[in-house]
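Q: Hi! Could you walk me through this one while we both have it open?

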Amino acid sequence: MTRNKNLKVGNSNTIAFMGWTMEDAVDVVRYHPIPCLFALSLLFFMAVEYTLFMIPPSSPPFDLGFVLTRSLHRYMADRPSLNTFLAALNTVFVGMQMTYILWTLLVEARPRATISTLFMFTCRGILGYSTQLPLPEGFLGSGVDFPVGNVSFFLFFSGHVAGSVIASLDMRRMQRKELAWLFDTLNVLQGVRLLGTRGHYTIDLVVGVGAGLLFDSFAGKYLKESKRRRAANPLQVDLLK
């Protein structure tokens, strides 16, 4: 796309789009297919948003994940012992996440995953308290599910999912790819179970993935800035290397 001098990125005295040729437009689709796909999805979801019927206050929220897992929900509801068993496995998985993240800090002296988790749970607490979603209709709880004891919990967003993403990202940085794939697989299965038991809305799980990615990035930037400040001030004591 460098053939046309009007196609510039940054400050310019010309309107870049006005200088495009048909060949330039084809090149945009050829070399940037993902943004073009997002542009089409924008138009599609604008049409969906402006024509759908709003859910009335007296009705439960519509959740596509719940629709797709109706059969699983009925299966789990008819088998409470299976629900309890899977809930216990979920608690074990959460323990694996916590153990790994603490291991990276206390044994390997790498604080990024721990800082990410602290950022994430702080944000989750603020958002979860600010907008307290109703418990999904048909919720299948268990006393052995994390948090153990049938205690209350924030629905938005899923700390289970976000914590697993944070741990998986750290594993990939350390070339522990097999362990990362294991965590990713368990995270997907956990998400399906949570939808089937109505333990989270779909949006809770999806935002949980985004939160894990976002706060891992924030922690990386925090440590980079901390290192820069430490280099500028040799007298500063910093244990987070």
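Predicted model: local features only at pLDDT ≥ 70, side-chain atom pairs only at ≥ 80, totals over all residues.

Q: Is Thr 117 buried or exposed?

A: Buried: its relative accessible area is 13%, and the cut-off for buried is under 20%.

Q: And what does Thr 117 touch, not counting residues up to four places away in sequence?

A: With those set aside, Thr 117 touches Ile 101 and Ile 166.

Q: New topic: at what angle do helix 7 and helix 8 cross?

A: Roughly 165°, with the axes of helix 7 (residues 159-173) and helix 8 (residues 177-196) coming within 8 Å. Helix 7 is therefore roughly antiparallel to helix 8.

Q: Left-handed or right-handed crossing?

A: The crossing of helix 7 and helix 8 is left-handed.

Q: Which residues make the contact?

A: Helix 7 contributes residues including His 160, Val 161 and Met 171, while those from helix 8 include Trp 181, Phe 183 and Asn 187. The contact residues divide into 8 nonpolar, 5 polar and 3 charged.

Q: Great. Now the largest nonpolar core: which residues touch the most other members?

A: That core has 15 residues, and the ones touching the most other members are Met 120, Phe 157, Ala 162, Ala 167, Met 171, Phe 183 and Ala 211. Helix 7 gives the largest share, 4 residues.

Q: What about Phe 157, what does that touch?

A: Leaving out residues up to four places away in sequence, Phe 157 touches Met 120, Leu 127, His 200 and Ala 211, among others.

Terms used: Residues numbered from 1 in each chain as written. Heavy atoms only, no water. Axes fitted to C-alpha atoms, helices over the stretch in contact; angles between N-to-C directions. Helix = DSSP H or I, 4+ residues; strand = E, 2+ residues; numbered from the N terminus. Parallel < 35°, antiparallel > 145°, perpendicular 65-115°, else oblique. Left-handed = near helix turned anticlockwise from the far one by under 90°. Contact = heavy atoms within 4.5 Å. Nonpolar A, V, L, I, M, F, W, Y, C, P; charged D, E, K, R; others polar. Buried < 20%, exposed > 50% of the residue type's maximum accessible area, 1.4 Å probe, protein only. Core = buried A, V, L, I, M, F, W, Y, C linked by side-chain atoms within 4.5 Å.
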